[in-house]
Amino acid sequence: MEDAAQHLTTLIQEAAWLSTPERKETIQDTNNIPQHIKELVREKSSARRRWQNTTSPLDKTHLNRLTHHFRSAIRQAKNDTLKLYTANLTPDDHSLWKATKNFKRPTMAIPPLRKPDASWARSNMEKANQFAQHLAKVFTQHTRNNNDDEIEAYLDAPCQLSQPLKTFSPMQCTPSHNAPGYDLIDGTVLKTLPRKVIVLLTSIFNSMLRLCYFPVQCKYAQIIMIAKPRKPPTESSSYRRISLLPVMSKVFERLLLCRLEETMRIDDLLPLHQFGFHNNHSTIQQSHIVVNKIKESIEGKKMCTSVFLDIQQAFDKVWHSRLLYKIKLHLADHLYLLLTSYLSERHFQVKIEDELSDYRSIRAEVPQGSVLGQLHYLLYTVDIPKTQDTLKATFADDTAILSSDPDPVRATEKLQHHFQHWLEQWKIKVNPTKSAQVTFTTRRDNCPPVNLYNTPTHVKKEVLVPRTSPRRKTNLEDAHKNQTMPSGT
């Protein structure tokens, strides 16, 4: 399997290199500043020295006139250069696409990063290694507890025989336009391959299903870092990662996703309260369910208290062993063996321009950049406790739990007993500072706060509604005045 995948990758790479036209080397003129601009620079510098020595208003006026003239000459020189560049563009060598590429995708330079020892990572190689060191700490598991031995014993138990998955056909192995991974093969290259290569690729995919094995070379991710808005750019945690996987892996994952969704649909494994990554489920429908629960509580003269949980690093801290435990518990054994091979021995490297960091191992997370990562998170959270006294509303990792009761203390107790034990059991950490508790009622009193890790949550009158229009909030004061709940709750 490994030899076949490596051989196919090498053949595609060699064919792509031979089919790519050679790049024309152009001699860059480093001394392309016009002569009249150089003379203006010398005149402006001389006028500045004269004014600093004399502090005369006439010399200051002369300096300002030269500065204005110098800026106008710079703008005119840039315009002339741009006109000359656009006049020489030809569609044969894709120069028009190269000219517009920088306008469509502007690149932001990453400033020096602060290291743990208070030093600075200045070069691209140092920045890449600093990001890799930070992500290696993120992709680590939590401390072990007593449940880990039981989970490992269940995973080590022999698997039973099960019916294999339906094989793929060459017509299904049609790649889409995907960005290339570390192998530099994108979807456009795969679309131009002859049918014999597609048949070979299909044979490899069917062997992966039959042997329940995922090739190691398809498990390497190349990560590009993008700065988060309103975050300090000198900290490694202020950047969002974009994982680029090999296209061969993406094609197989998309085909496997169809098989997994069909199996989960037949076995009724998709949770009804989850509206993220779920077909025919929208944010508006989830909002209507929540608003309807609040209206029923207010009409029944009850206290409706709700907690909006912020899951800390929801996709980055998913234990592979605990995820495989739920996969083996709910799916067929051949899917468990295949996904076990898929999640094991995964590595990543960080790319900053042309510099690459060392490879680091991934010990915890759902694979980012993969279509299977979303389904893995649904399987990991499929067993959230269900009670008749509470309502769960989830959209991906955004979770809201509502409870209603005439007594405010009992309403809070229903929320407290709903999720506390489940969060501790499956090592899902909630950020208490970003989580909020809101009570919807027409009374003047309020429900007691819910404790998260022995820390009371913030009781607020309004909460930011995610995944809707920007900065849209629910306001309880307006609801009390109108005695109706806002539609954006």
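Predicted model: local features only at pLDDT ≥ 70, side-chain atom pairs only at ≥ 80, totals over all residues.
The structure contains nine aromatic pairs. One of them joins Phe131 and Tyr239 in an edge-to-face arrangement, with 5.1 Å centre to centre and 70° between the planes. Phe131 belongs to helix α5 (residues 124-138) and Tyr239 to strand β4 (residues 239-244), so this pair ties together parts that are 108 residues apart in sequence. Both Phe131 and Tyr239 are buried.

A further edge-to-face pair is formed by Phe168 and Phe252, whose rings lie 6.1 Å apart centre to centre, with 85° between the planes. This pair also links distant parts of the chain: Phe168 sits in the loop between α6 (147-156) and α7 (187-191), Phe252 sits in helix α9 (residues 247-266), and the two are 84 residues apart. Phe168 has a relative accessibility of 4% and therefore counts as buried. Phe252 is likewise buried, at 1% relative accessibility. Phe168 and Phe252 belong to one aromatic cluster together with Phe205, Phe214 and Tyr342.

Two lysines are placed over aromatic rings. Lys44 lies over the face of Phe70, at 5.5 Å from the ring centre, and Lys328 lies over the face of Tyr154, at 5.1 Å from the ring centre.

Ser404 is located in strand β10 (residues 398-405). With a relative accessible area of 9%, Ser404 is buried. Its side chain makes a polar contact of 3.4 Å with the side chain of Lys293. Leaving aside residues up to four places away in sequence, Ser404 touches Lys293, Ser297, Lys302, Met303, Cys304, Asp389 and Lys414.

Technical notes
Residues numbered from 1 in each chain as written. Heavy atoms only, no water. Helix = DSSP H or I, 4+ residues; strand = E, 2+ residues; numbered from the N terminus. Buried < 20%, exposed > 50% of the residue type's maximum accessible area, 1.4 Å probe, protein only. Polar contact = N/O pair within 3.5 Å; in protein donor to acceptor, adjacent residues only side chain to side chain. Contact = heavy atoms within 4.5 Å. Phe/Tyr/Trp six-rings, centres within 6.5 Å; stacked < 30°, edge-to-face > 60°. Lys NZ or Arg CZ within 6 Å of the ring centre and 35° of its normal.
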